[in-house]
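Please consider the structure below together with its sequence. The paragraphs that follow lead through its sheet, its annotated positions and some of its side-chain contacts.

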Amino acid sequence: MIYSDFISPQTQFYQLTVPFQLEGGETLTGVQVAYRTWGQLNAQGDNGVLICHALTGSADADDWWKPLFGSGKAFNPEHDFIVCSNILGSCYGTTGPTTINPTTGKPYGVSFPEITIRDMVHLQAVLLEYLGVQSLRLVIGGSLGGMQALEWALLYPEKVKAIAPIAVSGRHSAWCIGLSETQRQAIYADPNWQGGNYTLDAPPNQGLAVARMMAMSTYRSWDSFTIRFGRQYDASEQFAITSYLQHQGQKLTERFDANTYITLTHVMDRHDVARDRTVPNLSGYESVLRSIQQPTLVVAIDSDILYPPVEQQELANLIPNAQLAWLKSTHGHDAFLIDMDALNEILISF
């Protein structure tokens, strides 16, 4: 599969000239970052806005968040220098499991080292330094992107003026970890996976497709599926919801990599802002969240079953300068990618 076919022609690439140290102790050489920018950086370098994408997202934020871009919108290129980079470990131009390992001359695959949200953020910081960004007016993201926004506030408090984590928690719950493991097991059960070494004539489609079908069932809600599909049948005389999920699963296999999916879901499972972190004179999860001083907009989706609103309420209660905003929707977790006009209004108000 040629993943470059799914990379926007406007995407740019930055290659690090020095090895990149990972939190776990390993080092990556020749790291590349795929990114896009909108607007112009001002002379002070302080009008930056960083958008962090979700699990299977890319740097093309003006594609998947199009209604939020433009004059008078949340992301206004007339005033802000907006940056979105493909995250470390992904397959849309930034170094990840599909990248050629310079030591072996073959794709990393399952040998790609363990990475964390903090590694992703540190790599984004390297990119922003290269671009000349001195400070960020806002770091924003939903789901996996929201995890990055929280870590930005903690790792680079002097650079970040405000954050907006959407539909996310401060640490992955047992509920989410269990769902991630179930999806990974679907990939492992694919006979073509063979320990991660796929054969060219038998690409790993079914396992990843099933994982996506499971995930899609948690990205939406009971109301969403009931209203849209009910018990309707399609032209092939199977339930419409069945056809929909099969279609979504197949679509992902055409643009995404199974080892990348495994890598990134493990990253999300390890998400915990308190992991190996102590705040002077304080300790524990709640204390770490209380140490975040930036103005924070926490966006909760009332129908989210993956990251239920109680988790966003916890963030808003513990982060001192946080406010909680509700994105009311029948669409569940994916509402931040569907009800974008409503989300735009929330962000503008903030």
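Between which elements does the loop that holds S143 lie? S143 is placed in the loop between β7 and α3; helices (H or I, at least four residues) and strands (E, at least two) are DSSP runs, numbered from the N terminus. The model is a predicted one, in which local features need pLDDT of at least 70 and side-chain atom pairs count only at pLDDT 80 or more, while totals for chains, interfaces and linings use all residues. Residues are numbered from 1 along each chain as its sequence is written, and side-chain values use heavy atoms, with hydrogens and water left out.

Eight strands form an open sheet with mixed pairing, in the order β1-β4-β6-β5-β7-β8-β9-β10; two strands pair if DSSP finds at least two bridges between them. At the edges stand β1 (12-15) and β10, each of which pairs on one side only. On average, neighbouring strands of this sheet are turned by 20° against each other, direction ignored. Here axes are lines fitted to C-alpha atoms, for helices over the stretch in contact, and angles run from 0 to 180 degrees between N-to-C directions. Strands of a sheet pair through backbone hydrogen bonds, either parallel or antiparallel.

Strand β7 (residues 136-142) runs parallel to β8 (residues 163-166), and four bridges join them; V139 stands opposite I163 in β8. Strands β8 and β9 also pair in the parallel sense, over two bridges, with I163 opposite T296 in β9. Six bridges then join β9 to β10, and these strands run parallel; the partner of I301 in β10 is L327.

How is β9 placed relative to the rest of the structure? Six of the six residues of β9 are buried, so this strand is largely enclosed by the rest of the structure. Buried means under 20% relative accessible area, exposed over 50%, and partly exposed in between (1.4 Å probe, protein chains only). From β9, T296, V298 and A300 point one way and L297, V299 and I301 the other way, and all are buried.

In UniProt, an unreviewed entry lists S143, D304 and H333 under "active site"; UniProt positions are given in the numbering used here, feature names are shortened, and annotations may be inferred rather than shown by experiment. These residues are spread over 191 residues of sequence, yet they cluster in space, with a largest C-alpha distance of 11.0 Å. S143 is buried at a relative accessible area of 7%. Its contacts (heavy atoms within 4.5 Å), leaving aside neighbours within four places in sequence, include A54, M268, H333 and F336. D304 lies in the loop between β9 (296-301) and α10 (309-318) and counts as buried at 3% relative accessibility. With residues up to four places away in sequence not counted, D304 touches A167, P309, G332 and H333.

R212 belongs to helix α5 (residues 206-219) and is buried, with a relative accessible area of 10%. D334 is found in the loop between β10 (322-327) and α11 (340-349); at 11% relative accessibility, D334 counts as buried. The side chains of D334 and R220 are joined by a polar contact of 3.4 Å. Such a contact is a pair of N or O atoms within 3.5 Å; within protein, one must be able to donate a hydrogen and the other to accept it, and residues adjacent in sequence count only if both atoms are side-chain atoms.

Helix α3 (residues 144-155) lies across β5 (48-52), β7 and β8, running at about 145° to β7. Another helix, α2 (residues 117-131), holds R118, which is buried with a relative accessible area of 6%. The side chain of R118 makes a polar contact of 3.1 Å with the side chain of E151.

Finally, the structure holds 13 aromatic pairs. Rings of Phe, Tyr and Trp (its six-membered ring) pair if their centres lie within 6.5 Å; planes under 30 degrees apart count as stacked, over 60 as edge-to-face and the rest as tilted. W152 and Y156 form a tilted pair, 4.9 Å centre to centre with 40° between the planes, and both residues are buried.
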